[in-house]
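Q: Hi! I'm new to this one, could you walk me through it?

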Amino acid sequence: VFEVDLSQANEEVISKLVQELGFYHSSRTLQTELSEDTLKLLKSHLAEKAIQFEAVQTMKPWFLSLKLAMEELASLDYEAELGIDRYFQLKARSMGKPVMQLESISGQLQLLASDSPDIQELSLRAGIEESSKAAQQLETLVDAWRRGDADEMWRVAVGNSTYPALDAQIEKLIDNRNALMAKKIGGYLQSKQTTLVVVGALHMGGERGILNLMSADNAIEQMGPE
């Protein structure tokens, strides 16, 4: 069981949804929608990364934030194609095992795009301002991942936010999803079959992480009545 079943990602459908949710239409652009300060910060950052502003100006802030984060990871030699979820999905299918999902790609995209324009802009600013720390942060995250320290990963990635206005965004993107995932996983616990669940490591740590929600003290509540 994965966050999403990658084999169900219809490229044409996803591309259409990204175009609908991730880009401005008509005459709106980042030039017209962002504040002067954010626009100046963005253009300076893009220049450092040798990215033309014209190439991204029709992207909404949430989608541009995602794009810049992925490019930052790629510049540090992290490849999405080598992700553990993809590895286990290919392995499961090669062994003829059933593959299920807790969420859907379309649902995840809609969630990412649901923030207000102000929060999207603030999130973009935060990402740019913290980009200089990306290499060190990733090194710390990978070290914690290798040690299996989910709480440390959560603390480094989202537990020390310097932007209180983004706390609600973190709650929506992490905490609320954790609760829904834990409830679904609780249903699998009632089955006689053995189930392997693979989700992003940042969903594991913290007080409201899946590991804590699925602990002995919470298992009965998450599983629901028999």
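Predicted model: local features only at pLDDT ≥ 70, side-chain atom pairs only at ≥ 80, totals over all residues.

Q: Great. At what angle do α1 and α7 pack?
A: Helix α1 (residues 11-22) and helix α7 pack at about 10°, and their axes are 11 Å apart. Helices here are DSSP runs of H or I with at least four residues, strands are runs of E with at least two, and both are numbered from the N terminus. The axes are lines fitted to C-alpha atoms, for helices over the stretch in contact, and angles run from 0 to 180 degrees between N-to-C directions.

Q: Parallel or perpendicular, then?
A: α1 and α7 are therefore roughly parallel to each other. Angles under 35 degrees count as roughly parallel, over 145 as roughly antiparallel, 65 to 115 as roughly perpendicular, and the rest as oblique.

Q: Which residues make that contact?
A: From α1 they are I14, L17, V18 and L21, and from α7 they are I105, S106, L109 and Q110. Contact means heavy atoms within 4.5 Å. By class, the residues of this contact are six nonpolar, two polar and no charged. Ala, Val, Leu, Ile, Met, Phe, Trp, Tyr, Cys and Pro count as nonpolar, Asp, Glu, Lys and Arg as charged, and the others, Gly among them, as polar.

Q: And how do α7 and α11 pack?
A: Helix α7 (residues 105-112) and helix α11 (residues 167-189) have an angle of about 135°, with axes 11 Å apart. That pair is therefore oblique. Q108, L111 and L112 of α7 meet K172, L173 and R177 of α11, and this contact has three nonpolar, one polar and two charged residues.

Q: Switching topic: what is the volume of the second largest pocket?
A: The volume is about 420 Å³. A pocket is an open set of points on a 1 Å grid over the protein atoms alone, where a 1.4 Å probe fits, with protein on both sides within 12 Å along at least five of seven lines; lining residues have an atom within 4 Å of a point. Grid points are joined across faces, edges and corners, and the volume is the space filled by probe spheres set on them.

Q: What lines it?
A: The second largest pocket has 16 lining residues, and V1, K97, P98, T194 and L196 lie nearest its centre. Helix α6 (residues 84-94) gives the largest share, three residues. The lining holds 10 nonpolar, four polar and two charged residues.

Q: Now H45: buried or exposed?
A: H45 is buried, because its relative accessibility is 7%. Buried means under 20% relative accessible area, exposed over 50%, and partly exposed in between (1.4 Å probe, protein chains only). H45 sits in helix α3 (residues 36-48) and touches L68, I128 and S131, leaving aside residues up to four places away in sequence.

Q: Where is W154?
A: W154 is in helix α10 (residues 150-159) and is partly exposed, at 23%.

Q: Last one: what about the phi of S26?
A: S26 has a positive phi of about 60° although it is not a glycine. S26 counts as exposed, at 73% relative accessibility.

Definitions and conventions
Residues numbered from 1 in each chain as written. Heavy atoms only, no water.
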